[in-house]
Amino acid sequence: MSAEVYRDSRGIPHLRAADARELAYAQGRVTAVDRAWQLEVERHRVQGTTAAFLGPDAAGWDVFARRARLADTARRCFAALDAETADWVTAYTAGVNDGLAEGAAAQPGFATTGLTPGRWEPWTPLGVWLATHILFAGFPTKLWRERAVAVLGPGAVELFATDGPGTAGSNGWLITGEHTASGAAILAGDPHRFIEDPGVYQQIRLACPEYDVVGLAVPGVPGIAHFGHTGTVAWAITNAMADYQDLYRERLRRDGTGVAAFGPDGWAPAAVHTETVEVAGAAPVTVEVIETDRGPVIIGGPDAADAISLRHPPRVTAALGFAALPALLRARTTDDVDRAFDDWVEPVNVVQAADTGGGRLHRVAGRVPVRHRTNRVRVVPAWEAGHAWTGWAPMPRAEVDGTAVMANERGLAAPLGVEFAPPYRAERIATLLAGSRSWTPAEMSSLHMDTDLASARPLLGLLAALEDLTPRAAALRDRLGAWNRRMDADSTDATAYAAVRDRLVRALAAHPRFADLAELPPLPDLFLPWLALTPRIAFALETILTTPMLPELDRPHLVRVALEEVASEGREFGPWGETHRLAPWQAVPTPEEWPALAGDHDCVLSTSSVPGVTHRAARGPAARYVWDLADRQNSLWVVPFGASGTPDSPHHRDQTRLWAAGESVRVVTRWSELRRERTVTRPMPEQMEDVYEEKVPDFGTVRLRRLDPAGDAELIHSWVTEERARFWGMLDADRAYVEETYAYVDSLPTHHAFLLLLDDEPVGLFQTYEPGADPLGECYEVRPGDVGVHILLAPAPGPRRPGFTGTLMRSLIRYVLSDPSHRRIVVEPDVRNEKSIARMVRAGFVLGEEVQKPEKRARLAFLERPPAPPLP
């Protein structure tokens, strides 16, 4: 089976295949070729193994990923998928695995860090989705509220209740046919996230006889989850700002060799084990992973002053909502989209959709637990029964009359959350939409790029009321009083306003009333951005300036001082865009090389700086889209960088200038306008591609390819039925039994079988497996990072090369340890197989205990990963 890969003039992939499964394979392969480094970093984020090649700065995330049990949750969610969806996701991961080597060869991150592309498991895409969104609902905000309420009182919840530095928002709007020039609906918007290079969204087209969809995919995840257009229906989402993750304060104690947790019914055992995070250039970090009846303990432990666990729907339900992904691709109407999102879990989104038949949809999708009101606000005691989950909240929906707006405001999803974005973006979009009844796709840019800053009104009002100012300060006051309140890139007044605002935020953050909040608490570094005072002040500035709370703040005086200080500097204010520049994550150029930007946090053009900290923008529109239901060919899209993650590609950053200027790329849907790049053929059993190749000097080329249960059955049967292979346990097996056995192994995401070749000649059978998913796991204490192996060398037809067995063993060990998540290799030869045991000892294995398995008595042996080398 094969798929065709086309590209448009911007290098955006358009894929066409004979069926959905082959299309998923092609999507995985093309994504790996275009984004290999990005994908592998995401895979390691799921596993908590990024520090092994990125160094100490990545260790905090790795510790959290281990403690939160992200990989284990992803495995559970994959295991619970229906067979069709699981098969579809598995096809995608097969494509990723087959494309990684090609992509890695062109992307410098691998050579720079020494990382070797690893292997994606069928559950890995679910882990990527989970790792991408685990902080999306901002549960660390509850840590902030605990401190803020303790210092300022209960009113602090409302004082700081705004879209803060750790959350992500979006704009979206639906215009029905009554308000468009074509008479058909338009759906448009832009998701706001941290801007990363390469981008967090991938423009792509997926076409097969079942469907033909264009949209914005998440690299590492099959299908098109968030923003798509099938030709007859289009959909888009924003963050609902719902609260669906709870933090519980736990009482833990050591209980012999285990840990116990105190819950509503008293003390109960908690699951506990230790893991090791390898850190390049530093000592490894030992992590105690504990899970109570509430959830994984992510902060503290039995030996710490505090312990906090996290409870969230995917861990509770073993579901992320992945069954919705293929259903969305097949959607033809808004009713189809509605039914697909009924299965959605994580994250909780506001959804809009429109179809060519006049259908429209505006609803919330996801899972929000029903529980005590205080669970939403703060960390709650695990031992109080009143904080248990008691069901799932109904998902609100609304009728669409002419236009509908979603911008993270306290609107449709208000019953489900605590903190929402200020209403300004939603109100401004609604006002602009009311100004015309004949909108076209091209005119959507005027909304995307709108720079009105309504949240400036309170500060401008306080400035206007100031009297008895120095001449310079009075002139600056009058200048700002005449300002049009637009954060345009060429506006010098916008820069002047930002300077005064910046000085005021810093003065407030230094005020004695907030002193107890200024010092960061002894919590993991990962959570500190949510706990930093200055950003909290910055994003809540309007409320702080207008609330009757905190009467000890002399607001007019603080504003006066800020104005006088800025005015006294006597500087000329340059254009806002000179200082308000893009500052993306993981990007190489100096800040001056990134484009000047218009907009600000509360503008529709939400290029978010952090007043009091920096004028540069790390967050903003991670993509823009305009879906035209009259003619999909008139749809538009753009991303901050480009289609490719390869620096040398002409499509690495060929959309940056367009994105900064508010321009877009036309969505091409005519195949005749595309360039055919290649045909992607999925390896059939008789042509299975290699997963590993190593040229060993003075020995030969060692290769591993996935075993074909049917095609290789005759060969394997001839090996395992020889007397020399009696310890393999298949002496009496017939060919059909061998094929059936390895077909079963091939179906397991935790077990893998390979044919071992030397210079293209089959010389052995090699298997790897996860001991925790194998009967061996019942016989010894499995450590995270353990990987089991079985090796059967083929009978030699003639004299073998010197060092044959030992050289092959060393090569296989290098293959297994090329995945940083593999910390220890485990073997279990039959105790009677003295030759095999001696061979393992020569290879560096350390003998362990004897254990009794159902089919044999085995001798365990272990080979630890060598310590990571220091960073250069």
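This is a predicted model: local features need pLDDT of at least 70, side-chain atom pairs count only at pLDDT 80 or more; totals for chains, interfaces and linings use all residues.

Q: In what order do the strands of the open sheet of 4 strands lie?
A: Helices (H or I, at least four residues) and strands (E, at least two) are DSSP runs, numbered from the N terminus. Two strands pair if DSSP finds at least two bridges between them. Here the order is S10-S11-S12-S13, and the pairing is antiparallel. Strand S10 (252-255) and strand S13 (285-291) are the edge strands, each pairing on one side only. On average, neighbouring strands of this sheet are turned by 35° against each other, direction ignored; axes are lines fitted to C-alpha atoms, for helices over the stretch in contact, and angles run from 0 to 180 degrees between N-to-C directions.

Q: How many bridges join S10 to S11, and what do the two strands form?
A: The antiparallel strands S10 and S11 are joined by 4 bridges. They form a hairpin with 2 residues between them, and Gly 256 in the turn has a positive phi of about 70°. Arg 254 has Val 259 in S11 as its bridge partner. Val 259 has a further bridge partner in S12, namely Ala 270. Strand S11 (residues 258-263) and strand S12 (residues 266-277) run antiparallel and share 5 bridges.

Q: Which helix packs on this sheet, and how many of the residues of H3 are buried?
A: Contact means heavy atoms within 4.5 Å. Helix H3 (residues 59-68) packs on the sheet and touches S12 and S13, its direction making about 30° with that of S13. A residue is buried under 20% relative accessible area, exposed over 50%, and partly exposed in between (1.4 Å probe, protein chains only). H3 is mostly covered, with 8 of its 10 residues buried; among them are Trp 61, Phe 64 and Arg 66. Arg 69, which follows H3, has a positive phi near 60°.

Q: How is the open sheet of 9 strands arranged?
A: Its order is S17-S16-S8-S7-S6-S5-S2-S1-S25, with mixed pairing. S17 and strand S25 (675-681) stand at the edges with a single partner strand each, so one side of each has no neighbour in the sheet. Neighbouring strands are turned by 20° against each other on average, direction ignored. Within this sheet, strand S8 (residues 233-239) and strand S16 (residues 349-355) run antiparallel and are joined by 7 bridges. Ala 234 stands opposite Ala 354 in S16.

Q: Which strands do H1 and H12 lie across?
A: H1 lies across strand S1 (2-7), strand S2 (13-17), strand S5 (202-208), strand S6 (211-217) and S25, and runs at about 150° to S2. Helix H12 (residues 334-341) lies across S8, S16 and S17, at about 5° to S17.

Q: How do helices H1 and H7 pack?
A: Two packed helices are described by the angle between their axes and the distance between the axes. Helix H1 (residues 20-47) and helix H7 (residues 124-133) pack at an angle of about 80°, with their axes 9 Å apart. They are therefore roughly perpendicular; angles under 35 degrees count as roughly parallel, over 145 as roughly antiparallel, 65 to 115 as roughly perpendicular and the rest as oblique. Glu 42, Arg 43, Arg 45 and Val 46 in H1 meet Thr 124, Gly 127, Val 128, Ala 131 and Thr 132 in H7.

Q: Is Leu 361 buried or exposed, and which residues does Leu 361 contact?
A: Leu 361 lies in strand S17 (residues 360-365) and counts as buried at 7% relative accessibility. Leaving aside neighbours within four places in sequence, its contacts include Leu 174, Val 337, Val 351 and Val 400.

Q: How many disulfides are counted?
A: A disulfide is a pair of cysteine sulfur atoms within 2.5 Å, and by this rule the count is 0. Cys 77 is buried, with a relative accessible area of 2%, and Cys 603 is buried at 0%.

Terms used
Residues are numbered from 1 along each chain as its sequence is written. Side-chain values use heavy atoms; hydrogens and water are left out.
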